[in-house]
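Please open the model in your viewer and keep the selection tool at hand. The tour below goes from one selection to the next.

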Amino acid sequence: MRKIPSLSKFFMMAMLPLAFTHITAHAQASIWDGVYTKDQAARGKLSYSPACAKCHGEIMNGSGQPDQRPSPALAGDMFLFSWNNKPVAALWAYIKTSMPTDNPGILSDQQTSDVIAHMLSLTGIPTGAKPLPSDIGSLAGIMIKRSK
Ligand code: HEC
């Protein structure tokens, strides 16, 4: 086996972080890249309505039932404003561990991603060919952006 001369090896190591930044910058997708499907959003609605709508409202505008405390909108400009520049993974983890407030953790990993697809759909984000994944590693590479 050919040995890499120590000097060029040193340069390779020095360049590695730069190369990595370059790669991740390219690999970074955003919610505008067609990251969920229409069917998935429809499935998400089926999980959302019974578990979340009473507080966040059926159309996610934050107006649920009058006996519930005010809850934020989960779709539209306010949603994009709150989550701008955060990875979908952060939103996913938040929902999975904190929502619904009265019974956190009732959604499965898959249902959590489906509900996010429904949120993106009501926000007017375009659909794509593949559903939103439900593993946090993949979701870490998809950024929420207010605009393309
Ligand atoms: C009992 C009322 C209630 C229910 C049911 C509920 N939420 Fe919430 N949710 C809240 C409140 C109140 C907040 C504001 C944060 C807080 O006070 O904890 C919130 C915050 C959120 C946020 C953060 C919004 C932001 O922009 O800051 C998300 C996302 C969310 N909820 C998703 C869901 C989902 C998905 C469900 C159903 C699985 C759900 N919630 C069910 C009351 C509720």
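**First stop: the core**

Select Ile 31, Ala 75, Val 88, Leu 91, Ile 116, Met 119 and Leu 120, which have the most contacts inside the largest nonpolar core, a group of 30 residues. Such a core is a set of buried Ala, Val, Leu, Ile, Met, Phe, Trp, Tyr and Cys residues joined through C-beta atoms within 7 Å, where buried requires 20 or more other C-beta atoms within 10 Å of the residue's own, with C-beta atoms placed from the backbone. Now colour α2 (38–56), α3 (77–83), α4 (88–98) and α5 (109–123), each of which supplies at least two residues of this core; the largest share, six residues, comes from α5. Helices here are DSSP runs of H or I with at least four residues, strands are runs of E with at least two, and both are numbered from the N terminus.

The model is predicted, and its local features need pLDDT of at least 70, side-chain atom pairs count only at pLDDT 80 or more, and totals for chains, interfaces and linings use all residues. Residues are numbered from 1 along each chain as its sequence is written.

**Second stop: the ligand**

Select the ligand next, and show the 21 residues that surround it, of which the closest are Cys 52, Cys 55, Ser 82, Met 99 and Pro 100; a residue belongs here if its C-beta atom, placed from the backbone, lies within 6 Å. Which element gives the most to this shell? That is α2, with five residues.

**Last stop: the whole chain**

Finally, zoom out to the protein chain, which has six helices and two strands, running α-β-α-α-α-α-α-β from the N terminus on.

How values were computed:
Buried ≥ 20, exposed ≤ 12 C-beta atoms within 10 Å, placed from the backbone.
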